[in-house]
Amino acid sequence: MVPKKLKFSSQIEIIGVNPYIYLPTAVLKALFTQAGKEKGPIPVKGTLNDKSFIQTLVKYQGQWRLYLNTPMRKAAGIDVGDKATVEIAFDPKPRLEPMPEKFKLALSKDKTAKAAYEKLIPSRKKEVLRYLNSMKTEASLEKNVEKFLMHLRGEKVDTLNALMRVKAKS
């Protein structure tokens with residue numbers, strides 16, 4: 001069954017540097033019903049001023065918010081302070097990030113790094129895989145896989161990137 005799209009309008013607000021919109025209570029309740037849950041991130045899809053988007057609805061500081069990234073706002077031709085027309089529905093499609101073969105092979109050969117990787121929370125693993133999948137060349141992928149393996153083993157890495165912003169091992 002395809003979840004029914006729910007339509008509403010809302011003004012774009014900002015918290016810190018993050019533009020977002022609040023969803024009306026009735027829309028939130030319908031999304032909770034579609035998702036079968038009221039806690040944790042809820043994957044959604046829809047349109048923002050008739051421009052398609054895929055996003056995740058999250059609760060922050062006690063309020064459910066639909067954050068509007070720059071590509072979403074630019075495509076819709078809107079920004080903070082503007083009123084947006086939204087159609088939204090729960091997105092049941094899994095959001096999986098494939099593991100690059102080079103990374104999979106490297107982890108299979110390095111028990112220490114593999115154990116540390118397996119201890120990472122799911123969102124962190126997804127972030128790592130998304131980063132590695134963004135590499136444009138094989139050389140970049142190989143270099144970043146090796147750096148991340150070193151980080152997972154607790155070794156010092158000369159250049160840090162976003163993947164290494166928290167300690168991998170405790």
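**Exercise 1.** Decide whether Gln55 is buried, partly exposed or exposed, and say why.

*Solution.* Step one is the scale: buried means under 20% relative accessible area, exposed means over 50%, and partly exposed lies in between (1.4 Å probe, protein chains only). Step two is the value: Gln55 has a relative accessible area of 16%, so Gln55 is buried. Step three is the place, which is strand β5; helices (H or I, at least four residues) and strands (E, at least two) are DSSP runs, numbered from the N terminus. Contact means heavy atoms within 4.5 Å. Not counting residues up to four places away in sequence, Gln55 touches Ile42, Pro43, Val44, Leu66, Tyr67, Asn69, Met72 and Arg95.

A word on the source: this is a predicted model, in which local features need pLDDT of at least 70 and side-chain atom pairs count only at pLDDT 80 or more, while totals for chains, interfaces and linings use all residues. Residues are numbered from 1 along each chain as its sequence is written, and side-chain values use heavy atoms, with hydrogens and water left out.

**Exercise 2.** Describe the chain as a whole, starting with how many helices and strands there are.

*Solution.* Begin with the count: the chain has six helices and seven strands. Read from the N terminus on, the order is β-β-β-α-β-β-β-α-β-α-α-α-α. Next comes the extent: along its principal axes, the C-alpha trace spans about 50 × 30 × 30 Å. Of the 170 residues in the chain, 39% are buried. Then look at sequence distance: of the contacts between residues at least 6 apart in sequence, 63% join residues at least 24 apart. Finally, take the charges, with Lys and Arg as positive, Asp and Glu as negative, and His and the chain ends not counted. There are 33 positive and 17 negative charges, and their mean positions are 4 Å apart; each charge is placed at NZ of Lys, CZ of Arg, CG of Asp or CD of Glu.

**Exercise 3.** Find which residues have the most contacts inside the largest nonpolar core.

*Solution.* A nonpolar core is a set of buried Ala, Val, Leu, Ile, Met, Phe, Trp, Tyr and Cys residues joined through side-chain atoms within 4.5 Å. The largest one has 25 residues, and Leu23, Leu48, Leu57, Leu66, Val86 and Ile88 have the most contacts inside it. The elements that give two or more residues to this core include β1 (6–11), β4 (42–48) and β7 (83–90). Helix α1 gives the most, with five residues. A second, separate core has 16 residues, including Phe103, Val128, Met135 and Leu141. In soluble globular proteins, nonpolar side chains tend to be buried together.

**Exercise 4.** Work out which side chains make polar contacts with the side chain of Tyr22.

*Solution.* Tyr22 sits in strand β3 (residues 18–22) and counts as partly exposed because its relative accessibility is 29%. A polar contact is a pair of N or O atoms within 3.5 Å; within protein, one must be able to donate a hydrogen and the other to accept it, and residues adjacent in sequence count only if both atoms are side-chain atoms. Another joins the side chains of Tyr22 and Arg65 (3.5 Å).

**Exercise 5.** Is Asp50 buried or exposed?

*Solution.* Asp50 is found in the loop between β4 and β5, and its relative accessible area of 68% makes Asp50 exposed. Its phi is near 70 degrees, a positive value in a residue other than glycine. In the loop between β4 and β5 you also find Asn49, with a positive phi of about 50 degrees although Asn49 is not a glycine.
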